[in-house]
Amino acid sequence: MRIVLGIESSCDETAAALVTQDRVILAQRIASQDQAHRPYGGVVPEIAARAHAERLAPLIEATLADAGMTLADVDAVAATAGPGLIGGVMVGLVTAKALAMAADKPLIAINHLEGHALSPRLADAALAYPYLLLLVSGGHCQLLLVEGVGRYRRLATTIDDALGEAFDKTAKLLGLGYPGGPAVERLAAQGDAGAVPLPRPLVGSAEPHFSFAGLKSAVMRAKQAGVHQNADIAAAFQQAAIDCLIDRTRRALAAAGPVNALVVAGGVAANTAIRAALEALAADRGLPFVAPPLGLCTDNAAMIAWAGIERLALGQSDPLDIMARPRWPL
Ligand code: KG4
Ligand code: ZN
């Protein structure tokens, strides 16, 4: 039974996990830096890098202890090698290199987006390639045709902001603090989406991509107008975002050819209204809808360990001099 130690440090979560080939998460720990970044209303790269450097080694030790294991028991060390905030990525990757070298285990450098893309297969053993993946997070908004490990066809991406970013900016504007997504979702549940007219950028367009900058500006104008309830603005924003996601996903499904499932991943996939809308679209197309459990949607190390398991099964590993990459398209 293969076991991989996964390490994630590309944004503001310091995380480690031990995952087996048969999809058991033996142990995982996540240290969030929300408190450290809250006063700034967003992630400060320098603060994040320092926090990762302070926390990662004890966190890995604790994760191994939780599982009653030592490094000798793992088959490989997998770490996010990009894309992300380069200081944090370097902390995780250098730590993984040191552990791999000390314990004489293979190192596997994982693309963070691949971690998200394969995470549904950790949760669902029956999910077979190819599937259409909507990856929606704070840094990304993409539709990917996932055909196999390392075989990803990008059908659409955002031409400006990621949807998570738009959620976070909306939260800031409404005075909801950071991180914003869950707070906007809670407030939206009390509002009337029809009370505030907002645009749906690119809906109905033949072009495949996403755009959220115009929606974000419209939210700002609605707030500045001073006549709307915050809850109504939150609800209208969330509904506009859902309409954009559904329209673009419907278009991608038509372009993708036959797929086995519609899958959503990334932090924004934690949003229950978005999940429900995607589930309805999948049902309409006669497709299974797959969404990983909430804890696997936001940044975590189990998805990195799992991507390591999938790569290890194909005999893949990486040299110890592999570099961290701030930008790394799938
Ligand atoms: O995948 P993730 O943890 O980190 C990135 O790689 O970006 O995603 C974080 C993003 C943040 O923008 C956060 O506001 C958003 O996911 N998010 C949500 C919800 N929970 C987290 N957005 C909308 N509704 C939610 N419930
Ligand atoms: Zn992420």
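## A histidine in helix 4

His-112 lies in helix 4; helices here are DSSP runs of H or I with at least four residues, numbered from the N terminus. This is a predicted model, in which local features need pLDDT of at least 70, side-chain atom pairs count only at pLDDT 80 or more, and totals for chains, interfaces and linings use all residues. Residues are numbered from 1 along each chain as its sequence is written, while chains are lettered from A and ligands numbered from 1 in the order in which they are written.

Is His-112 buried or exposed? His-112 is buried, because 27 other C-beta atoms lie within 10 Å (buried means 20 or more such atoms within 10 Å, exposed 12 or fewer, and partly exposed in between, with C-beta atoms placed from the backbone). Leaving aside residues up to four places away in sequence, His-112 touches Ser-10, Thr-80, Gly-82, Pro-83 and Gly-84; a contact means that two C-beta atoms, placed from the backbone, lie within 7 Å.

## The listed binding site

An unreviewed UniProt entry lists His-112, His-116 and Asp-299 under "binding site"; such annotations may be inferred rather than shown by experiment, and the positions follow the numbering used here, with feature names shortened. These residues are spread over 188 residues of sequence, yet they cluster in space, with a largest C-alpha distance of 8.9 Å.

His-116 is also found in helix 4. With 31 C-beta neighbours inside 10 Å, His-116 counts as buried. Its contacts, again not counting residues up to four places away in sequence, are Leu-135, Ser-137, Ala-265, Gly-266 and Met-303.

## Helix 4 meets helix 11

Helix 4 (residues 112–123) packs against helix 11 (residues 302–313) at an angle of about 80°, and their axes are 8 Å apart. Axes are lines fitted to C-alpha atoms, for helices over the stretch in contact, and angles between N-to-C directions run from 0 to 180 degrees. The angle makes helix 4 roughly perpendicular to helix 11 (65 to 115 degrees; under 35 is roughly parallel, over 145 roughly antiparallel, and the rest oblique).

On the helix 4 side, the residues that meet helix 11 include His-116 and Leu-118, while Met-303 and Trp-306 are among those in helix 11.

## Helix 8 beside helix 9

What angle do helix 8 and helix 9 pack at? Helix 8 (residues 230–256) and helix 9 (residues 272–284) pack at about 30°, with axes 10 Å apart, which makes helix 8 roughly parallel to helix 9.

Key. Helix = DSSP H or I, 4+ residues; strand = E, 2+ residues; numbered from the N terminus.
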